[in-house]
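Work through the exercises below with the model open beside you. Try each task before you read its solution.

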Amino acid sequence: MKRMSISALLFLISFNSYSQITKHNWLIGGSGAFSHDKTTFSTGGISSSQINFNPRIGYFLADHFALGLIGDYAWVSTKSNNIKSSYTNYGIGPFLRYYILPSDYRTNLIIEANGTYNEQSNNLISDKSSFFSYGISAGPVIFLNSSVGLELLLGYKGYKVIDESTKNNGIQINIGIQFHLERDK
């Protein structure tokens with residue numbers, strides 16, 4: 001079975017592939033991430049670990065340039081002064097994405113910037129909070145065929161809580177898969 005899976009993957013990769021990153025095509029997919037960071041307050045700090053899922057849908061307005069919506073779902077576990085809690089975040093916002101290399105390359109490089117409006121709930125208190133998150137990331141995308149791209153992005157992500165002075169930032173690694181859909185001609 002293992003030999004068959006490896007053979008199938010090599011078969012897909014062996015084709016002379018190209019990506020559909022040209023004007024009027026669609027981008028649908030998502031990514032997942034894990035991050036660990038520290039938030040500082042005037043009274044101390046918090047250590048947190050976070051797991052994210054970010055579905056995307058976008059449209060190529062021009063060759064190599066996509067604009068779309070990104071969803072943001074996150075589960076966050078925090079520890080402050082030996083008190084542990086967890087949070088759940090839901091958000092949505094725009095993203096901009098640019099593919100640097102020509103569209104006929106099997107491997108390309110991308111840069112993405114995004115921002116979302118999020119709502120957060122805490123397991124310890126019934127209070128909800130709102131915040132804006134933002135990020136910029138870059139990295140390679142490997143096209144397995146003309147429509148499927150596997151991504152590994154390294155980036156910077158942060159957020160600012162609305163009506164508070166709380167800020168957060170850190171490094172994030174995203175692993176994702178995107179489907180590039182060609183429009184009907």
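## Exercise 1: Hairpins and pairing

The model is a predicted one.

**Solution.** 

Step 1. Look along the two strands. β7 and β8 are antiparallel and share 13 bridges. Opposite L153 stands N174, in β8.

Step 2. Step back to β6. β6 pairs with β7, again in the antiparallel sense, over 11 bridges. I142 has L150 of β7 as its bridge partner. Between β6 and β7 lies a hairpin with 4 residues.

Step 3. Move on to β5. It pairs with β6 over 15 bridges, in the antiparallel sense. T116 is bridged to S133 in β6. The hairpin that joins β5 to β6 runs through 5 residues.

Step 4. Finish at β4. β4 and β5 run antiparallel and are joined by 11 bridges. Here T88 has S121 of β5 as its bridge partner.

## Exercise 2: The chain as a whole

**Task.** How many helices and strands does the chain have, and in what pattern do they follow one another?

**Solution.** 

Step 1. Count the elements. There is 1 helix, and there are 8 strands.

Step 2. Read along the sequence. The pattern is α-β-β-β-β-β-β-β-β.

Step 3. Check burial. The chain has 185 residues, and 39% of them count as buried.

Step 4. Check the reach of the contacts. Take those between residues at least 6 apart in sequence: 59% of them join residues at least 24 apart.

## Exercise 3: The largest nonpolar core

**Solution.** 

Step 1. List the members. The core has 11 residues in all: I21, L27, F60, A66, I70, F95, Y99, I110, V141, F143 and L153.

Step 2. Assign strands. At least two residues of this core come from each of β3, β4 and β6.

Step 3. Zoom in on one member, L27. Set aside its neighbours within four places in sequence. L27 then contacts R56, I57, G58, F60, F95, R97, Y99, Q178, F179 and H180.

## Exercise 4: A glycine in β1

**Task.** Is G32 buried, partly exposed or exposed, and what does it touch?

**Solution.** 

Step 1. G32 belongs to strand β1, which covers residues 26-41.

Step 2. Apply the cut-offs. Buried means under 20% relative accessible area, and exposed means over 50%. G32 has 27% relative accessibility, so G32 counts as partly exposed.

Step 3. Find its contacts. Residues up to four places away in sequence are not counted. G32 touches N52, I173, N174 and I175.

Step 4. Compare sequence with space. N54 is 22 residues from G32 in sequence. Their C-alpha atoms are 6.2 Å apart.

## Exercise 5: The largest cavity

**Task.** What is the volume of the largest cavity, and which residues lie nearest its centre?

**Solution.** 

Step 1. Give its volume. The largest cavity has about 160 Å³.

Step 2. Walk around the lining. It has 16 residues, with N114, G135, K157, Q172 and N174 nearest the centre.

Step 3. Assign strands. β2, β3, β5, β6, β7 and β8 each supply at least two lining residues. β6 gives the most, 5 residues.

Step 4. Sort by class. The lining has 4 nonpolar, 9 polar and 3 charged residues.

## Exercise 6: The largest pocket

**Task.** How much space lies in the largest pocket, and which elements give two or more residues to its lining?

**Solution.** 

Step 1. Give the volume. The largest pocket holds about 680 Å³ of space.

Step 2. Find the centre. The lining has 37 residues, and Y87, Q120, S129, Y159 and V161 are the closest to the centre.

Step 3. Name the elements. Two or more lining residues come from each of β1, β2, β3, β4, β5, β6, β7 and β8. The largest share, 5 residues, is from β6.

Step 4. Sort by class. The pocket lining has 11 nonpolar, 19 polar and 7 charged residues.

Note on methods:
Residues are numbered from 1 along each chain as its sequence is written. This is a predicted model: local features need pLDDT of at least 70, side-chain atom pairs count only at pLDDT 80 or more; totals for chains, interfaces and linings use all residues. Side-chain values use heavy atoms; hydrogens and water are left out. On a 1 Å grid over the protein atoms alone, a cavity is a set of points where a 1.4 Å probe fits but cannot get out, and a pocket is an open set with protein on both sides within 12 Å along at least five of seven lines; lining residues have an atom within 4 Å of a point. Grid points are joined across faces, edges and corners, and a volume is the space filled by probe spheres set on the points. Ala, Val, Leu, Ile, Met, Phe, Trp, Tyr, Cys and Pro count as nonpolar, Asp, Glu, Lys and Arg as charged, and the others, Gly among them, as polar. A nonpolar core is a set of buried Ala, Val, Leu, Ile, Met, Phe, Trp, Tyr and Cys residues joined through side-chain atoms within 4.5 Å. Buried means under 20% relative accessible area, exposed over 50%, partly exposed in between (1.4 Å probe, protein chains only). Contact means heavy atoms within 4.5 Å. Two strands pair if DSSP finds at least two bridges between them.
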